[in-house]
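Visitor: Hi, I've got a structure open and would like to talk it through with you. Could you put it up for both of us?

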Amino acid sequence: MGRSTAAARSVFRRASPTRAATWPRVSGRMPERHRASIRTGRSENGGSRQTRSPESIAWARTPARPSPSRLAREDTVTSPGSGSGAFRLLPMRFEVDAILFDIDGTLVDSTGAVVRAWEAWSAARGIDPAEVLRVCHGRRSEDTVAEFLPSDQRAAAVAELERLELADLGDVTALPATRDLLSALPEGRWAAVTSGSRALMRARLAAAGLPVPDVLVAAEDVRLGKPDPQGYLQAARALGFDIRRCLVVEDAPAGLEAGRAAGAYVLAVVTSHSSQDPCAADAVIPDLRAFTVEASASGLMISTAVGPRADPLI
């Protein structure tokens, strides 16, 4: 066993009785005995496996997470921003059934529009924009607004923010490699889960020249937003796949925690945050240029490379 393969296995193994992450491999298909345990709800020794409702999964599950040292390698990436938050990367290879993408900061670069909208919104109310920007990324607007305004003012404030963002699409662009990746993914094998409204996300995807997935879970589709896992659980059900056989791709801490709480594999892209904790993800890459997918009848084989790639994605 090569050194990197052994390290990869250690990163993807979690101590959770409800998750298939203890498969003894990071390439190839899940062994049949593990598939059978998922189908029948029974373990290899004949005992019943623990099952939980989606609601109880949200925060009751506390699977073991890889420590930052397990991501150690000679290649170091520093995320945008202050320059802090540098960490090391480990290439991975593993199979999933579907990919669940965040949109803002993961597929689309909308940071400028987001910042301008929140700054204008804050200034109109005498609120320190730095305080708002500190907590708004990756979360639903209504959840952020609730931290700053009384309940009787929130609905109008959220509507105003929506108007500001819909009017500011000029510099919204696709992040590197996303256009080719999404256009090549098989239908029914990917979805988007966003903290933005459906109208705003469709507008930003269109402005960036990216396709709108058949399954799009938006802010108005869930009762609780990220970091609650409800959106990712809903997307996996809509696609018809077990969340434990899905990969969540996220840029913001709230989204990474949502994917982790849902029970999915979690991949962090370091496109917008300099304070991400690598422990919140199974793997960390600079952006989707370091991400490849091989599609087959049985699923999607994911590979993460150290550093950006220029070769074809699929």
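Visitor: Where does Ala177 lie?

Guide: Ala177 lies in the loop between strand 6 (173-174) and helix 8 (178-184). Helices (H or I, at least four residues) and strands (E, at least two) are DSSP runs, numbered from the N terminus. This is a predicted model, where local features need pLDDT of at least 70, side-chain atom pairs count only at pLDDT 80 or more, and totals for chains, interfaces and linings use all residues. Residues are numbered from 1 along each chain as its sequence is written, and side-chain values use heavy atoms, with hydrogens and water left out.

Visitor: Thanks! What's the phi of Ala177?

Guide: Near 75°, a positive value in a residue other than glycine. Most residues other than glycine have a negative phi. Ala177 is partly exposed, at 22% relative accessible area; buried means under 20%, exposed over 50%, and partly exposed in between (1.4 Å probe, protein chains only).

Visitor: And which residues does the cis peptide bond join?

Guide: Lys226 and Pro227, with omega at about 15°. Most peptide bonds are trans. You'll find Pro227 in the loop between strand 8 (216-217) and helix 10 (230-239).

Visitor: Switching topic: is Asp168 buried or exposed?

Guide: Asp168 counts as buried, because its relative accessibility is 17%. Asp168 is in the loop between helix 7 (151-166) and strand 6.

Visitor: What does the side chain of Asp168 make a polar contact with?

Guide: With the side chain of Arg116, at 2.7 Å. A polar contact is a pair of N or O atoms within 3.5 Å; within protein, one must be able to donate a hydrogen and the other to accept it, and residues adjacent in sequence count only if both atoms are side-chain atoms. Leaving aside residues up to four places away in sequence, Asp168 touches Ala113 and Arg116, where contact means heavy atoms within 4.5 Å.

Visitor: At what angle do helix 7 and helix 9 pack?

Guide: About 10°, with their axes 10 Å apart; helix 9 covers residues 198-207. Axes are lines fitted to C-alpha atoms, for helices over the stretch in contact, and angles run from 0 to 180 degrees between N-to-C directions.

Visitor: Which residues make the contact?

Guide: Glu162, Glu165 and Leu166 come from helix 7, and Ala199, Leu200, Ala203 and Arg204 from helix 9.

Visitor: Which residues are buried in helix 5?

Guide: Val132, Leu133, Val135 and Cys136 are buried in helix 5, which covers residues 129-136. Helix 4 (111-123) and helix 6 (141-145) are among what covers them. At the start of helix 5, a side-chain oxygen of Asp128 comes to within 3.0 Å of the backbone nitrogen of Ala130.

Visitor: Last one: how many residues are in the largest nonpolar core?

Guide: There are 34, and among those touching the most other members are Ile99, Phe101 and Leu185. A second, separate core has 18 residues, including Leu100 and Val248. A nonpolar core is a set of buried Ala, Val, Leu, Ile, Met, Phe, Trp, Tyr and Cys residues joined through side-chain atoms within 4.5 Å.
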